[in-house]
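Visitor: I have some questions about this one before I set anything up. Could you walk me through it?
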Amino acid sequence: MATSNASSQLWDDPDTIIRTSDGMSIRVHMKLLAMASPVFNDMFGIPQPTKEGDQLPVVDLAEDSKTLEVLIDAIYPDRYPSTPVELSTLNKVAAAAQKYVMRSVQAFVAHCLRTTSYADSPLRVYAIACRCGLDDVAVQCARSSLLEPWPDTLPPEFEDLSANSYHKLLSFRRRCEAVFDSQLDSESCESYEEFAYLSSRLPKCSKCPQSSYGPLTGPPALIAPSWFVAHLHLAKQEFLQRVDGSAVMSPELVNKTIRELRKGEAYVRCDCDTVGPMKLLEFSHLSARILDRLLRKVPFEVDEIRGDSDSMID
Ligand SMILES: [Zn+2]
């Protein structure tokens, strides 16, 4: 049988064997585990079966060796698990810490989530943070997740995410996506001057075809040259993929509209093809600024994610 020794030089007389779900044996000190977890404390109060040829009591646990090695290392005073811990393992450690009510391990998970950059996995970290009741991490991840398209397949950590936390994350994203259209409201501007400036950046032309942009029913948000309205639709698609001001001023997006603008024969008798590109650039920069400001104002209330965990970590 494979063995792994979780004790250190300071703890050289382990008195219990933990057997993992994948057949590893980890030698531990019963007293230390009992001190770290009321569940283990109760468990060790019951005489444990010993295995033939091995004098130490053996305790079978449902977790795998990767998870239990990190969990056990986290409670020994003189050794800390090496970081970064891979996220799928960290999620299992968080689940085990919750199950065995191990506050020191929960604190270790919190430390990992707060100090390790899992920048490419905001949704996975969000789910673990909700499980641990780490509001600050969850809110940060909710904001970071806006920079990525919403995935077709949700990460495995979402299997343990409460419906409440899932709903709050999704509704936060929807509210953020909605700021694209509200940028055209006069109320979204910081001042009348900004609105006047925004309005002056909207291309106007009496010669080329016009379209309206805005809700299907009710008054349109604006009526503008069709090429510009087409640009707004393209910009919105970009923004829904990357919910951030930078999405609407990407050179690819702006150049695409300028190419379309110059292709259209309808524009030969107006000056959209000469004035349009500059108006478009100015509008895009201003729009990005307004969008970023509106996004910062969309709240993700911390009490919205409460309820996944009853043991809050400070
Ligand atoms: Zn025109």
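**A buried leucine, a core and a helix pair**

Visitor: Is Leu33 buried or exposed?
Guide: Bearing in mind that this is a predicted model, Leu33 is buried, because 23 other C-beta atoms lie within 10 Å and the cut-off for a buried residue is 20 or more.

Visitor: Where does Leu33 lie, and what does Leu33 touch?
Guide: Leu33 lies in helix α1, which covers residues 30-36, and, not counting residues up to four places away in sequence, Leu33 touches Val28 and Phe40. Leu33 and Thr16, 17 residues apart in sequence, are 9.9 Å apart in space from C-alpha to C-alpha.

Visitor: Switching topic, which residues touch the most other members in the largest nonpolar core?
Guide: That core has 70 residues, and those touching the most other members are Leu71, Val93, Val105, Val109, Leu113, Tyr126 and Ala129. At least three residues of this core come from each of domain 1 (3-177) and domain 2 (182-297).

Visitor: And what is Leu71 in contact with?
Guide: Once neighbours within four places in sequence are left aside, Leu71 is in contact with Val93, Ala96, Ala97 and Val105.

Visitor: Now the helices: at what angle do α12 and α13 pack?
Guide: Helix α12 (residues 251-263) and helix α13 (residues 272-297) pack at about 160 degrees, with axes 10 Å apart; angles over 145 count as roughly antiparallel, so α12 and α13 are roughly antiparallel to each other. The crossing of α12 and α13 is right-handed.

Visitor: Which residues meet there?
Guide: From α12 the residues are Val254, Thr257, Ile258, Leu261 and Arg262, and in α13 they meet Cys272, Asp273, Gly276, Pro277, Leu280, Leu281 and Ser284.

Terms used
Residues are numbered from 1 along each chain as its sequence is written. This is a predicted model: local features need pLDDT of at least 70, side-chain atom pairs count only at pLDDT 80 or more; totals for chains, interfaces and linings use all residues. A nonpolar core is a set of buried Ala, Val, Leu, Ile, Met, Phe, Trp, Tyr and Cys residues joined through C-beta atoms within 7 Å. A residue is buried if 20 or more other C-beta atoms lie within 10 Å of its own, exposed if 12 or fewer, and partly exposed in between; C-beta atoms are placed from the backbone. Domain bounds come from an automatic or database domain assignment. Two residues are in contact if their C-beta atoms, placed from the backbone, lie within 7 Å. Helices (H or I, at least four residues) and strands (E, at least two) are DSSP runs, numbered from the N terminus. Axes are lines fitted to C-alpha atoms, for helices over the stretch in contact, and angles run from 0 to 180 degrees between N-to-C directions. Angles under 35 degrees count as roughly parallel, over 145 as roughly antiparallel, 65 to 115 as roughly perpendicular and the rest as oblique. A crossing is left-handed if the near helix is turned anticlockwise from the far one by less than a right angle, and right-handed if clockwise.
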